[in-house]
Amino acid sequence: MRTFEAGRDVTIPVNLTYNGQPAVPDSGTAVLSVSAPSGDVLLTEDLTTGPTDVVIVVTIPAVHNQITTSFSRRVVRITAERGGIPFDAVTMYRLTPQILYTVTPKDVRGFLGVNEGELPDEDVDLAGAYLNLEFEIGRDTLTAALTSGEEAELRANDAVLYSTVLDLIPSLANRVAQEETDGALSFKRNARKDFAELKKSAEDRLSAALAIINPVVDPGYAILITTTDADPITG
């Protein structure tokens, strides 16, 4: 789900489909509505569409994107008619307070070793991973780390990165292409049956990051710990 900072205008495309196929609305029939999670309608607006419009970009004003919780969502619905038959198209987006992490989908792809075609930005839910960390270690703790200007800030961004990675690893086998061809250009990957090593690396790095920003949290797997043994001669 796409995520935006609360309290700002949100511009989002809505794909119009009918029976799974792109659908151009009959002239004068398209209506936009935006609802809160409770179902309360926050905005309705008649839309003007052209003879080839199968994607409509709508802007929801900031006044309808205010939140008082850790996150919220908005349901964007366009109802219309095609050949006189009613249909609707629905999409959603998530709202969060100010986004403090600096991790990007590109960073996630870099760690996983995949390209944008295999893992597009919209499939990289950094905000979802951030929220899960916030609920796990506390908003104040995570916010303090992400704004510290110290090592904790780096480790907190690492935590967001590796939490996102762990959410994506189960789908990698179906995402990653073993061979791609583009005209005369082609490449092949070595066959990979599973991603256990990659998962273990992400878990270790996440546990190391959590040990810095909040040592009392148990991530559910072994935390990476380094020790310095006593010198066998000097004690």
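A salt bridge here is a side-chain nitrogen of Lys or Arg within 4 Å of a carboxyl oxygen of Asp or Glu. By that rule, Glu151, Arg155 and Asp158 are linked in a network of salt bridges, and the count comes to nine salt bridges. Keep in mind that this is a predicted model. The chain has 235 residues, with six helices and 11 strands.

**The chain as a whole**

- Buried residues account for 37% of the chain.
- Take the contacts between residues at least 6 apart in sequence: 66% of them join residues at least 24 apart.

- The average pLDDT is 88, and 84% of the residues score at least 70.
- Confidence is highest in strand E5 (residues 31-35), at a mean of 98.
- At the other end of the scale sits strand E10 (residues 179-182), where confidence is lowest, at a mean of 53.
- Residues 223-235 stay under 50 in pLDDT, and the model gives this stretch seven contacts beyond four places in sequence.

**Strand E5 and its partners**

- E5 is mostly covered, with four of its five residues buried.
- One partner is strand E6 (residues 41-46), which pairs with E5 in the antiparallel sense over five bridges.
- Within that pairing, look for Val31 standing opposite Asp46 in E6.
- E5 and E6 form a hairpin with five residues between the strands, and Gly39 in this hairpin takes a positive phi near 100 degrees.
- E5 is also joined to E8 by five bridges, and these two strands run antiparallel.
- Here Ser33 has Arg77 in E8 as its bridge partner.

**Strand E9 and its partners**

- Strand E8 (residues 72-82) pairs with E9 in the antiparallel sense, over 11 bridges.
- Thr79 stands opposite Asp88 in E9, if you want a spot to start from.
- The hairpin of E8 and E9 has two residues between the strands, and Gly83 there takes a positive phi near 60 degrees.
- Strand E1 (residues 2-5) runs parallel to E9, and four bridges join the two.
- E9 itself covers residues 85-96 and includes Met92.
- Met92 counts as partly exposed because its relative accessibility is 35%, which falls between the 20% limit for buried and the 50% limit for exposed.
- Together with Met1 and Val90, Met92 makes a nonpolar surface patch of about 250 Å².

- Asp88 and Arg77 form a salt bridge, with their closest N and O atoms 2.8 Å apart.
- This pair links distant parts of the chain, since Asp88 is in strand E9 and Arg77 in strand E8, 11 residues apart.
- Both partners are partly exposed: Asp88 has a relative accessibility of 37%, and Arg77 has a relative accessible area of 31%.
- Asp125 forms another salt bridge, this time with Arg94, and the closest N and O atoms are 2.9 Å apart.
- Asp125 lies in the loop between helix H1 (105-112) and H2, while Arg94 is in strand E9, so the pair ties together parts that are 31 residues apart in sequence.
- Arg94 counts as buried because its relative accessibility is 11%, whereas Asp125, at 27%, counts as partly exposed.
- Asp204 and Lys200 also meet in a salt bridge through their side chains (2.8 Å, N to O).
- These two sit four residues apart in helix H6 (residues 196-213), so about one helical turn separates Asp204 from Lys200.
- Lys200 is partly exposed, with a relative accessibility of 45%.

- Is Glu134 buried or exposed? At 7% relative accessibility, Glu134 counts as buried, because buried means under 20%.
- Glu134 belongs to helix H2 (residues 126-137).
- Setting aside neighbours within four places in sequence, Glu134 is in contact with Ser70, Arg139 and Leu142.

Note on methods
Residues are numbered from 1 along each chain as its sequence is written. This is a predicted model: local features need pLDDT of at least 70, side-chain atom pairs count only at pLDDT 80 or more; totals for chains, interfaces and linings use all residues. Side-chain values use heavy atoms; hydrogens and water are left out. Patches are made of residues with over 30% relative accessible area and no salt bridge: like charges are joined within 9 Å, nonpolar side chains (Val, Leu, Ile, Met, Phe, Trp, Tyr) within 5 Å. Accessible areas come from the Shrake-Rupley method with a 1.4 Å probe; for residues, only the protein chains shown count as cover. Buried means under 20% relative accessible area, exposed over 50%, partly exposed in between (1.4 Å probe, protein chains only). Two strands pair if DSSP finds at least two bridges between them. Contact means heavy atoms within 4.5 Å. pLDDT is the predictor's confidence in each residue, from 0 to 100.
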